Amino acid sequence: MNTHVTEIRRAELADAGAISAVHLAAWQGAYTGIIPHRSLNTMLHRRGADWWARAIRRSTQILVADIGGVVAGYATLGPNRARQLPQKGEVYELYIRPEYQGLGLGTRLLGASRRSLIDQGLKGMVVWALEDNDLAVSFYASAGGKDVAEGVECFEGKTLKKIAFVWN
């Protein structure tokens, strides 16, 4: 039997390629059939390893879920961008490779993100999810997020609702 250590840690420059691979696999799994094909492909292809390396160099707050040296998921976080919501922190993205979903990594990443935001003095947290992304909506609701606001995203003329989940 093999034992692998699972840790949530800050992303390092060497993680850029792995984060890019997580992004590609997770977004294809989450958004195929929701976001129009051309828009989704554009978003996927602009976020290669070089994009992630630049983000890490710029000190973007990125946490990774590392299982025995394999990056299985990531979260990006920082100040809340939605001024109409009083929460000070925001998780911009939280994604797990499809083959690692259901193992509790998302819960661990969300908790570590929340603690990191609190450590920075950013009390309260918001996460936005597309309403049609049933897995994400279910995950954030079951993690204790309260559905408090709606917004929209437009892709190729298609308007999709998004939901703000908050934790105080």
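The entries below go from the sheet to the helices, the cores and a few loop residues.

**Entry 1: what I am looking at.** I am working with a predicted model. I keep that in mind throughout.

**Entry 2: the sheet.** I traced the strand order first. Seven strands make an open sheet, ordered β1-β2-β3-β4-β5-β7-β6. The pairing is mixed. I then asked which strands stand at the edges. They are β1 (6-10) and β6 (146-155). Each has a single partner strand, so one side of each lacks a neighbour in the sheet. From one strand to the next, the twist averages 25°.

**Entry 3: β3 and its partners.** I looked at strand β3, residues 70-79, next. Is it enclosed or open? Eight of its 10 residues are buried, so β3 is largely enclosed by the rest of the structure. I checked both partners. Strand β2 (residues 61-67) pairs with β3 in the antiparallel sense, over seven bridges. In that pairing I find V64 opposite Y74 of β3. The two strands form a hairpin with two residues between them. G68 sits in the turn and has a positive phi of about 55°. Strand β4 (residues 89-96) also pairs with β3 in the antiparallel sense, over seven bridges. There G78 stands opposite E90 of β4.

**Entry 4: β5 and β7.** I moved along the sheet. Strand β5 (residues 125-130) and strand β7 (residues 158-167) are antiparallel, with six bridges. A129 faces I163 of β7 across this pairing.

**Entry 5: the cores.** I listed the nonpolar cores. The largest has 25 residues. Which residues have the most contacts inside it? They are I19, W27, Y31, I35, I62 and Y74. At least two residues of this core come from each of α1 (16-31), α2 (37-45), α3 (49-57), β2 and β3. α1 gives the most, with seven residues. I followed up I35. Beyond its neighbours within four places in sequence, I35 is in contact with L40, M43, L130, F155 and L160. A second, separate core has 24 residues, including A72, L109, L122 and W167.

**Entry 6: helix α2.** I sorted α2 by burial. S39, L40, M43 and L44 are buried. These residues cover an arc of only 130° around the axis, which puts them on the same side of α2. I looked up what they pack against: α1 and β6. The face turned away from the buried side carries H37, R38 and H45, which are exposed.

**Entry 7: helix α4.** I tested the length of α4, residues 105-119. At 1.5 Å a residue, its 15 residues should span 21 Å. The end C-alpha atoms are 21 Å apart, which agrees. Then I asked which residues of α4 are buried. They are L105, G106, L109, L110, A112, S113, S116 and L117. Their arc is only 165° around the axis, so they lie on the same side of α4. A helix has 3.6 residues a turn, so residues three or four places apart point the same way. On the other side of α4, I find T107, R115 and D119 exposed. G121 follows α4 and has a positive phi, near 85°.

**Entry 8: R47.** I located R47 in the loop between α2 and α3. Buried or exposed? R47 is buried, at a relative accessible area of 10%. I listed its contacts, not counting residues up to four places away in sequence. R47 touches S20, H23, W52, Y74 and E93.

**Entry 9: positive phi outside glycine.** S59 is not a glycine, yet its phi is positive, about 65°. It is found in the loop between α3 and β2. With 53% relative accessibility, S59 counts as exposed. E156 is not a glycine either, and its phi is positive at about 50°. E156 has its place in the loop between β6 and β7. Its relative accessible area is 42%, so E156 is partly exposed.

Methods. Residues are numbered from 1 along each chain as its sequence is written. This is a predicted model: local features need pLDDT of at least 70, side-chain atom pairs count only at pLDDT 80 or more; totals for chains, interfaces and linings use all residues. Side-chain values use heavy atoms; hydrogens and water are left out. Buried means under 20% relative accessible area, exposed over 50%, partly exposed in between (1.4 Å probe, protein chains only). Helices (H or I, at least four residues) and strands (E, at least two) are DSSP runs, numbered from the N terminus. Two strands pair if DSSP finds at least two bridges between them. A nonpolar core is a set of buried Ala, Val, Leu, Ile, Met, Phe, Trp, Tyr and Cys residues joined through side-chain atoms within 4.5 Å. Contact means heavy atoms within 4.5 Å. The expected span of a helix is 1.5 Å times one less than its number of residues. The arc is that of the directions from the helix axis to the C-beta atoms. Axes are lines fitted to C-alpha atoms, for helices over the stretch in contact, and angles run from 0 to 180 degrees between N-to-C directions.
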